[in-house]
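Colleague: I'm new to this one, and I'd like a close look at a single part. Could you walk me through the pocket, and then show me what else there is to see?

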Amino acid sequence: MSIERELQKRTSVCELCGSEDNLDVYTVPPATQESEKDSIYICATCSGQITEPETVDANHWRCLNDSMWSTVPAVQVMAWRMLNRLKAEGWPQDLLDMLYLDEETKEWAEATGEGIDPDDVVKHLDSNGAVLQAGDTVVLIKDLNVKGGGFTAKRGTAVRNISLVHDNPEQIEGKVNGQGIVILTQYVKKN
């Protein structure tokens with residue numbers, strides 16, 4: 001049976017705004033293949049405003065006041081994403097404060113990076129202010145005593161394939177002399 005027929009069993013109207021016209025299947029990213037679980041049945045107006053954010057009409061999305069309470073996770077995800085896109089309007093923030101998503105659904109909603117304030121993203125910066133990323137190579141700018149390792153990591157030592165400590169922007173992890181150590185970002189520069 002086709003995905004569209006499965007979704008028509010679930011609803012006969014747009015799952016976001018309730019319109020009955022021009023309905024079609026929309027697969028919620030990051031899903032790439034249509035499935036009933038990963039898709040919603042929405043109208044052309046909702047679909048167009050989702051895929052082309054510059055055409056968004058905030059008043060159209062007041063319908064989310066009702067659809068955000070859907071029991072379908074894919075509908076909840078799209079409601080959360082649209083409310084986040086519109087939260088500068090004021091009223092969507094009130095709805096976001098009321099919307100509850102279980103942990104798995106919240107991860108799905110955040111998977112595209114929507115709703116995450118760029119100021120909240122943890123950035124690891126080296127001694128010169130360059131952004132460090134997992135897998136980078138850095139060079140030590142100071143001799144560092146390795147606690148518990150019994151050696152000193154010398155200035156100029158290259159540390160390849162670093163990993164980031166996600167809850168602390170001032171720390172990275174890497175291997176020096178074959179031993180994994182935690183290094184403060186203030187003592188490294190990106191290579």
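**Helices first, then the pocket**

Modeller: Let me start with a pair of helices and then get to your pocket. The crossing of helix 4 and helix 5 is left-handed. Keep in mind that this is a predicted model. Helix 4 covers residues 73–85 and helix 5 covers residues 91–98, and their axes come within 8 Å, crossing at roughly 145 degrees. On the helix 4 side, the residues that meet the partner are W80, L83 and N84, and on the helix 5 side they are W91, P92, L95 and L96. Sorted by class, that contact has 6 nonpolar residues, 1 polar and no charged ones.

Now zoom out a bit. The domain assignment gives domain 1 as 3–111 and domain 2 as 136–190. The C-alpha centres of these two domains are 44 Å apart.

On to the pocket you asked about. The largest pocket has a volume of about 260 Å³. Which strands each supply at least two residues of its lining? They are strand 6 (144–146) and strand 11 (179–184). Strand 11 gives the largest share, 5 residues. If you want to pick the lining out on screen, look for L144, N145, V146 and K147, then Q171, then G180, I181, V182, I183 and L184, and finally Y187. By class, the lining of the largest pocket divides into 7 nonpolar residues, 3 polar and 1 charged.

Conventions:
Residues are numbered from 1 along each chain as its sequence is written. This is a predicted model: local features need pLDDT of at least 70, side-chain atom pairs count only at pLDDT 80 or more; totals for chains, interfaces and linings use all residues. Side-chain values use heavy atoms; hydrogens and water are left out. Domain bounds come from an automatic or database domain assignment. Axes are lines fitted to C-alpha atoms, for helices over the stretch in contact, and angles run from 0 to 180 degrees between N-to-C directions. Helices (H or I, at least four residues) and strands (E, at least two) are DSSP runs, numbered from the N terminus. A crossing is left-handed if the near helix is turned anticlockwise from the far one by less than a right angle, and right-handed if clockwise. Contact means heavy atoms within 4.5 Å. Ala, Val, Leu, Ile, Met, Phe, Trp, Tyr, Cys and Pro count as nonpolar, Asp, Glu, Lys and Arg as charged, and the others, Gly among them, as polar. On a 1 Å grid over the protein atoms alone, a cavity is a set of points where a 1.4 Å probe fits but cannot get out, and a pocket is an open set with protein on both sides within 12 Å along at least five of seven lines; lining residues have an atom within 4 Å of a point. Grid points are joined across faces, edges and corners, and a volume is the space filled by probe spheres set on the points.
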